[in-house]
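This report describes selected side-chain contacts and surface patches in one protein model. Please read it alongside the sequence and the coordinates.

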Amino acid sequence: MPPKSAVARKRRREREELKQLLLVGGDALVTAIWVLLSCTFAEAAEALSEISGIGEFALAVAVTVIGLLMMGPMCDMFGGALFNPVHNAAFVCAGKGTLTLNSLRMVAQILGALAGSYTVVLITPDW
């Protein structure tokens with residue numbers, strides 16, 4: 001039977017690997033959701049403007065801010081997921097995290113953006 005410290009190190013390593021996997025998957029999912037939602041912001045602002053009489057630009061800014069505020073808790077659910085690859089580049093430059101992990105997260109974010117935009121193409125009706 002291995003010593004307790006070896007078992008504890010193995011468990012810590014497994015937990016860290018699961019946390020990183022959650023981050024990468026979360027990055028992809030959150031980015032896909034952001035791309036999918038942000039494609040509707042202009043239409044939402046236009047509809048709200050017709051209903052309320054408030055300027056469309058002000059409502060577009062408000063809808064975007066509300067969308068960003070909603071993304072914060074969603075990102076936290078995935079342990080700090082991000083939906084902007086520039087953040088990962090900044091982390092690499094600041095020495096936070098490994099180059100491998102941040103590169104993997106960038107790839108996940110790009111794939112999430114592609115999945116979100118493809119979903120928009122699928123669900124948007126032809127006009």
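**Salt bridge**

The model is a predicted one. Side chains of opposite charge can pair when their charged atoms come close. The structure holds one salt bridge. Its partners are Arg 105 and Asp 27, with 2.5 Å between the closest N and O atoms. Arg 105 belongs to helix 5 (residues 99–123) and Asp 27 to helix 1, so the bridge ties together parts that are 78 residues apart in sequence.

**Aromatic pairs**

A search of the whole structure gives two aromatic pairs. They are set out here.

| Pair | Centre to centre | Angle between planes | Type |
|---|---|---|---|
| Trp 34 and Phe 41 | 5.6 Å | 75 degrees | edge-to-face |
| Trp 34 and Phe 83 | 5.1 Å | 35 degrees | tilted |

The pair of Trp 34 and Phe 41 is classed as edge-to-face because planes over 60 degrees apart fall in that class, and the angle here is 75 degrees. The pair of Trp 34 and Phe 83 is tilted, at 35 degrees between the planes.

Trp 34, Phe 41 and Phe 83 together make up one aromatic cluster. For Trp 34 the relative accessibility is 17%, which means that the residue counts as buried. Phe 83 has 23% relative accessibility and therefore counts as partly exposed.

**Surface patches**

Which residues form the negative surface patch? The patch consists of Glu 43, Glu 46, Glu 50 and Glu 56. Helix 2 (residues 41–52) supplies the largest share of this patch, three residues. Glu 43 is placed in helix 2.

A nonpolar patch on the surface is formed by Phe 57, Val 61, Val 65 and Leu 69, which together have about 420 Å² of accessible area. Val 65, one of these residues, lies in helix 3 (residues 56–77). Val 65 counts as partly exposed because its relative accessibility is 41%.

Note on methods: Residues are numbered from 1 along each chain as its sequence is written. This is a predicted model: local features need pLDDT of at least 70, side-chain atom pairs count only at pLDDT 80 or more; totals for chains, interfaces and linings use all residues. Side-chain values use heavy atoms; hydrogens and water are left out. Patches are made of residues with over 30% relative accessible area and no salt bridge: like charges are joined within 9 Å, nonpolar side chains (Val, Leu, Ile, Met, Phe, Trp, Tyr) within 5 Å. Accessible areas come from the Shrake-Rupley method with a 1.4 Å probe; for residues, only the protein chains shown count as cover. A salt bridge is a side-chain nitrogen of Lys or Arg within 4 Å of a carboxyl oxygen of Asp or Glu. Helices (H or I, at least four residues) and strands (E, at least two) are DSSP runs, numbered from the N terminus. Buried means under 20% relative accessible area, exposed over 50%, partly exposed in between (1.4 Å probe, protein chains only). Rings of Phe, Tyr and Trp (its six-membered ring) pair if their centres lie within 6.5 Å; planes under 30 degrees apart count as stacked, over 60 as edge-to-face and the rest as tilted. Lys and Arg count as positive and Asp and Glu as negative; His and the chain ends are not counted. The place of a charge is taken as NZ of Lys, CZ of Arg, CG of Asp or CD of Glu.
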